Amino acid sequence: MEKIIDEKTQGNTLTLEAREGNSRKLYIESYGCAMNFSDSEIVASILADQGFNTTNSLEEADLVLVNTCSIRDKAEQTVRKRLEKYNAVKRINPKMKVGVLGCMAERLKEKFLEEEKIVDLVVGPDAYKDIPNLLKEVEEGRDAVNVILSKEETYGDISPVRLGGNGITAFVSITRGCDNMCTFCVVPFTRGRERSRDPQSILREVNDLAEKGYKEITLLGQNVDSYLWYGGGLKKDFKNASEMQKATATDFAVLLDMVATAHPKMRIRFSTSNPQDMHEEVLHIVAKHDNICNHIHLPVQSGSTRILKKMNRQHTREEYMKLIDRIWEIIPGCSISQDMIIGFPTETEEDHKETMSLMEYVKYDFGYMYKYSERPGTMAARKLEDDVPEEIKSRRLTEIVDLQQKHSAIRTAEFLGKIVTVLIEKESKKNKDEWSGRTEHNNVAVFPKENYKAGDFVKVKVTDCTTATLIGKAVGFSGNN
């Protein structure tokens, strides 16, 4: 299980078109990984049917929800600060109700109602359909909690409202929960055991997005490679499935092939992959379809087999390197990104060097690197002492980040002089006369607007670059449009 936390989107407020006749106002703020942002869209969809329209003004809200993350202590601290802010507003507007959703809600449960006197409802990731009932409880003056994790809930029948989105790219959740008991991770406890969505409901959602003009989707799960649909139920119970169920089961390679075939003009990404579950068949499907992006986010967490074992990652350094070699054999030029945890308990200087040498071997295009922070309730917190001193963690993290910067610069420079296909997503932050979009390798590219518009696939000749961004000039439309 990996979580990519995009620092630029943390705390984003979601707003969407108002539904006529809805009079109540919902303010919803999201933290954490893409899964949480996707869940916020589901919640907004459920509440739209309850008479709520979204607002980005906290002061006018009837209901304030914060969708939380438990992956790092910093994320939890941020949420606590936000709750203090809501409390100040609540004093002016006592009608306002405040709820905590998501992983932190699951982890802290009733504690929230006791500690944070300002919280009226606490809703875990599998209980969003219960929000209307919980709201009734709150309106009648009772605190409301539902953090029951479900074996079935995948929200396959709720079409998410695309909030705060650009109308061009969208996330489509295909699995919930995770069975990989990595010792550092809270997800199996906050999101429950792994279950997959019915492929037909996924296809319906993708068809709906295509009809609405979306140009790119990301198939999303804590661990997409272990997607497995055999008629419903938990992944771990597949062994008890009937012969017929086993024979007709849909795995991730089949699902990816289905979606790519159904919409050959739509660009398809997927995240997150897990080295131990990534089968070669998936790589062949990526190579077969032009519309599946040649980019794989393949977290490794450490370059040391000894540390990987302590993390309960089901792969060694050597197996990971072999997988990287296969990716490049089957998908030449595929870009690869990483997640790395620095200073995991017992990590020595030797382990740290092994991580650096693995990075030298792969030369990742980009990565997400964090210092280890102990999460209560995880196996590591119970069994391993957080024994790497803070200053050593900080130094090692700096070395890893510097090395990644160097590799990102090398990888980005490989595109100089080449023509890349860019999907225009938005105006460039730095220059309103330029468009910004991403290539299939997940590089950000900027170029003069000319007569192109957001949502166009454009061929761009790369003339310059920074460590992370390609700079160029459009040379015409791509065949994808």
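This is a short walk through a few spots in one protein structure, and the model is a predicted one.

Okay, let's start with a pair of helices. When you look at two packed helices, you describe them by the angle between their axes and the distance between those axes. Here the pair is α13, residues 349-362, and α15. Their axes sit 10 Å apart and the packing angle is about 10°. Anything under 35 degrees counts as roughly parallel, so α13 is roughly parallel to α15.

Who makes that contact? On the α13 side you have E349, H352, T355, M356, M359, E360 and V362. On the α15 side there are R395, R396, E399, I400, L403, Q404, K406, H407 and R411. If you sort the residues in this contact of α13 with α15 by class, you get seven charged, five nonpolar and four polar.

Let me zoom in on one of those, R396. You'll find R396 in helix α15, which covers residues 390-413. So is R396 buried or exposed? With a relative accessibility of 4%, R396 counts as buried, because the cut-off for buried is under 20%. And what does the side chain of R396 pair up with? With the side chain of E349, through a polar contact of 3.0 Å. Leaving out residues up to four places away in sequence, R396 touches I342, E347, T348, E349, H352 and V388.

Next up, aromatic rings. How many aromatic pairs does the structure hold? Five. One of them is Y230 with F238: the ring centres are 5.1 Å apart and the planes meet at 65°, so we call that pair edge-to-face. Y230 is buried at 8% relative accessible area, whereas F238 comes in at 21% and counts as partly exposed.

F344 and Y372 make another edge-to-face pair, with 5.1 Å from centre to centre and 75° between the planes. Where do these two sit? F344 is in the loop between β16 (335-342) and α13, and Y372 is in the loop between β17 (366-371) and α14 (379-383), so this pair ties together parts that are 28 residues apart in sequence. F344 has a relative accessible area of 0%, so that one is buried. Y372 is buried as well, at 5%. And there's a further partner: F184 is linked with F344 and Y372 into a cluster through ring pairs.

Now a quick stop at the backbone. As a reminder, most residues other than glycine have a negative phi, and most peptide bonds are trans. A few places here are worth a look with that in mind. The peptide bond from S271 to T272 is cis, with omega near 10°. T272 is in the loop between β14 (267-271) and α10 (280-288).

Then there's Q301, which has a positive phi, near 75°. Q301 is in the loop between β15 (295-297) and α11, and at 4% relative accessibility Q301 counts as buried. N312 also has a positive phi, near 60°. N312 is in the loop between α11 and α12, and with 30% relative accessibility N312 is partly exposed.

While we're in that loop, have a look at R313. R313 lies between α11 (305-310) and α12 (317-330). R313 counts as buried, with a relative accessibility of 4%. Which backbone oxygen lies 3.3 Å from a polar atom of the R313 side chain? The one of P299.

Last, two residues from earlier in the chain. A48 is in helix α1, residues 34-48, and is buried at 10% relative accessibility. A48 and R19 are 29 residues apart along the chain, and their C-alpha atoms are separated by 7.3 Å. Setting aside residues up to four places away in sequence, A48 touches R19 and N22.

K85 is in helix α2, residues 73-92. K85 is partly exposed, at 39%, and touches L58 and E59, again not counting residues up to four places away. For a sense of distance, K85 and D277 are 192 residues apart in sequence, and their C-alpha atoms are 42 Å apart in space.

Definitions and conventions: Residues numbered from 1 in each chain as written. Predicted model: local features only at pLDDT ≥ 70, side-chain atom pairs only at ≥ 80, totals over all residues. Heavy atoms only, no water. Helix = DSSP H or I, 4+ residues; strand = E, 2+ residues; numbered from the N terminus. Buried < 20%, exposed > 50% of the residue type's maximum accessible area, 1.4 Å probe, protein only. Polar contact = N/O pair within 3.5 Å; in protein donor to acceptor, adjacent residues only side chain to side chain. Contact = heavy atoms within 4.5 Å. Axes fitted to C-alpha atoms, helices over the stretch in contact; angles between N-to-C directions. Parallel < 35°, antiparallel > 145°, perpendicular 65-115°, else oblique. Nonpolar A, V, L, I, M, F, W, Y, C, P; charged D, E, K, R; others polar. Phe/Tyr/Trp six-rings, centres within 6.5 Å; stacked < 30°, edge-to-face > 60°.
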